[in-house]
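Open the model in a viewer and keep the selection panel at hand.

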Amino acid sequence: MINSSDSFNTKSVLELSDGELHYFSLMKLGDGVQRFPFSIKVLLESLLRQEDGALVTADDVRKLIGWTPAGDDNIDIPFIPARVVLQDFTGVPCVVDLAAMRDAVKQMGGDPSKINPLVPVDLTIDHSVQTDLHGTCYAQEKNEEIEMQRNLERYSLLKWAQGSFDNFRVVPPGNGIIHQVNLECLAPVVWKRDGMAFPDSVFGTDSHTTQINGLGVVGWGVGGIEAEAVMLGQPYYMPLPQVVGFKLTGKLLKGVTATDMVLTAVEMLRKKGVVGKFVEFYGPGIKNLSLPDRATLANMAPEYGATMGFFPVDEVTISYLRDTGREDKAELVEKYCQAQGLFYDDQVPDYSDHMELDLRKVKRSLAGPKRPQDRIELQDMKKKFDELTEKQGGRKNGKLMKDGDVLIASITSCTNTSNPSVMMAAGLLAKKAVERGLRPNPNVKTSLAPGSRAVTSYLQKAGLLPYLEALGFHVVGYGCLTCIGNSGPAREDLAQDIMANDLTVAAVLSGNRNFEGRISPYVKANYLASPPLVVAFAIAGRVDLDMEKEPLGMDPNGRPVFLNDIWPTTKELKAALKKVTPKMYREAYSTVFQGSDLWENVPAPKGETFEWGPSSTYIRKVPFFDGMSKDVKEPSPVRNARVLAVLGDSITTDHISPAGEFPAKSVAGQYLISLGVDERDFNSYGSRRGNHEVMMRGTFANLRLKNAMASGKEGGYTAIQPDGTITDMFTASRDYVRRGVPLVILAGKEYGTGSSRDWAAKGPHLLGVKAVIAESFERIHRSNLVGMGVLPLQFAPGQSATTLGLDGTEEYDVEIKELRPRAAVTVRVKKGGSVKEFQAVARLDTPVEVEYYRNGGILQTVLRKLTGPSSN
């Protein structure tokens, strides 16, 4: 059906119309395509529909029609999603980049208005509100007031973007979390645009964009710079992926939640190894999962390493659309997916590999203390925490707290607050606990941060919110809060006790990440758990107990109260879930693009280009395009490079570019103080991402970072070579820049795991890092490095910095004989007159990535295309 001409000239054969429904038929492409995984068929429809001989060619369509379960890393295809979603921590730097690009285009004699989103973009402000106050009925109101005071400059920039760019909408603060808003409101599942029906698809500048996979929408997280390129009309290039079929059977047992299921799946899939692959769920067990259960499993695809965790559309999807007030979408989605062979009806596609989980075998679990894949069965918590403290030299006690005490208990994150079953379970457990006379330990900072206003509606309707409040779980805001490290200040006396005695205290949260230094600078042990377990641990006040056998506490009459005494029954949970109605969702989202009076009073600058405030400490024009010419220059060779850091395995983007609060003594803190900023007004690293001066100083500044070059000193320190002086990373980098010395990073496995944050690549780039040599890379971060012109190099299998005897005191030359995808690279290591070499692979995985690297990055490539001769 596809010939070898430059145009897909039989496309019209595939165009069908049956009255209202007009689409390109996948069913006409033959039986082989019908056996494709559902996610691959969605990609194929996109290529077919968007084939224009330029951005998407007939050859690209042919490549995907030739997909086999083996996938192919050597064949890349373009993909242009239907839309892009942003959150404010990653969205503000995107807007700063776009504004700077407009300036650059103007300087180069072009039309600044060419820098404009060509696909719909929705930015949800959810990452900035912090748990400054908690445990009171006024906490939410005061937290939102403080949020607005802190972030006025950032929000003014976003208002400028909303007025200056086409196709750009902002969901103001206080409406919910990006992925929950996307799931419950924004996603149409099937579009009907200009008379043509087609599947929804989405990229997001947040790794948990995959939550939408639970609704049958193809989408995943990308770096901000990749998202900017897509916004400006550039395809995203990707190799033909493998698709792992994950079969679910059985049904979760009484007392076991969707959270327990996803922590089990994360453990399984991490052990399997699915980085860069799609995971697609199927089997009889998926019929026993509600759509929010599925969304929970899809949300944590980054934690198990997959690009996606996809559920195809079925009757559960259609019911969910109706249940969330989208009856108008349900009929189109069902009709279109049935017509296109995209509706799941127990068929088993041709998968690349298979895994299976019997849901009946899932047990109540947590994950921690610092990785989501480290699952612990509830009954083993005491044993595992004892093992942790033994490794640290034994138990330690302070005056107010001791090892194992809970400092933070938070019901937070779109991962779980989007799921009425676990939220109602938390409310019911709280009700029964209060009725038994239980209260939380007063040292525990408790909080409730729903992902949408619909959550509080149904908790109120069910009469459960007052019981959560009685245990200190008052609503503190509608945003990410503790899940991303916005846990707010700890009580001063407790913080001093913890630091003075080097205590290992715990946080228990219903989030998706628990990396070192992420949740709170005072917490070393972070555990992910279901919302009802969060409440239970708040009551217990400690994690070093076997909650299956030991009591949570004593009632006022001295009687022990056990977890199973207050765990909600199936009957109680079903009765509570009947309180959830479509009207609640319709009302919650009827004003989703409207803000509070606080938001309405934010200034909205006008103009085609942004007026940079010279005194702003939040928004600064980035230097990425300074002095840029229209001509491409070959990347400079890396010669006589020094090592900035020697790092271990599982270095996260939180290690590289922290998002949370920072102290006055930090390099970033000292910088802001020098500009007259009071320590109380520092805000967080995440909120300062519009100011590259702050972010450079915050790069590698995680308090828990361990650099083998820093002589055992924990935090963002290194040893300047050749004299070995120990100093902070930023000061060291400035010394190397002054001497004209390029830098490299040595790392272990899974480098760049975690959030999609592009500042984990932008920061090292601005410090002068030219290459990262690691045993393996996480997908998004590797792409971000390429996008910033930093070369990702991968050790040969079986080799590492350790096996090669590299300690960071050496000088390095990187020799690429031919710049092509996955080129072999010779790395020359020089030390004390001796020279040795080893081979690595340049992880430029596609020809397009080679082009990006030649240009110095993605955005430089796009700028040159927009200002080149053909652009006129």
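For the class counts on this tour, Ala, Val, Leu, Ile, Met, Phe, Trp, Tyr, Cys and Pro are nonpolar, Asp, Glu, Lys and Arg are charged, and the others, Gly among them, are polar. The model is predicted.

**Stop 1: the second largest cavity**

Select Pro302, Gly754, Glu778, Arg779 and Ile780, which lie nearest the centre of the second largest cavity. Its lining has 15 residues, and the space inside comes to about 140 Å³. By class, the lining divides into 4 nonpolar, 9 polar and 2 charged residues. Now colour residues 779-787: this is helix 30, which gives the most to this lining, with 3 residues.

**Stop 2: the largest cavity**

How many cavities of 30 Å³ or more are there? The count is 3. The largest cavity holds about 210 Å³ of space. To centre the view on it, select Gln87, His127, Asp206, Ile484 and Arg518, the closest to its centre among the 24 residues that line it. Next, show helix 4 (88-107) and helix 7 (178-186), the elements that give two or more residues to the lining of this cavity. That lining has 8 nonpolar, 11 polar and 5 charged residues.

**Stop 3: the largest pocket**

Move on to the pockets. About 1,400 Å³ of space lies in the largest pocket. Select Pro521, Glu661, Phe662, Pro663 and Leu703, the closest to the centre of this pocket out of 50 lining residues. Coloured by class, the lining of the largest pocket shows 23 nonpolar, 12 polar and 15 charged residues.

**Stop 4: the second largest pocket**

The last stop is the second largest pocket, with about 1,100 Å³ of space. Pick Ser290, Asp293, Ser421, Leu573 and Leu577; of the 37 residues that line this pocket, these are the closest to its centre. Several helices can be shown around this pocket: helix 10 (291-299), helix 12 (315-323), helix 16 (420-435), helix 22 (570-577) and helix 23 (582-589) each supply at least two residues of its lining. By class, the lining of the second largest pocket has 19 nonpolar, 10 polar and 8 charged residues.

Terms used
Residues numbered from 1 in each chain as written. Predicted model: local features only at pLDDT ≥ 70, side-chain atom pairs only at ≥ 80, totals over all residues. Heavy atoms only, no water. 1 Å grid on protein atoms, 1.4 Å probe; cavity = no way out; pocket = protein on both sides within 12 Å on 5 of 7 lines; lining within 4 Å. Points joined across faces, edges and corners; volume = space filled by probe spheres on them. Helix = DSSP H or I, 4+ residues; strand = E, 2+ residues; numbered from the N terminus.
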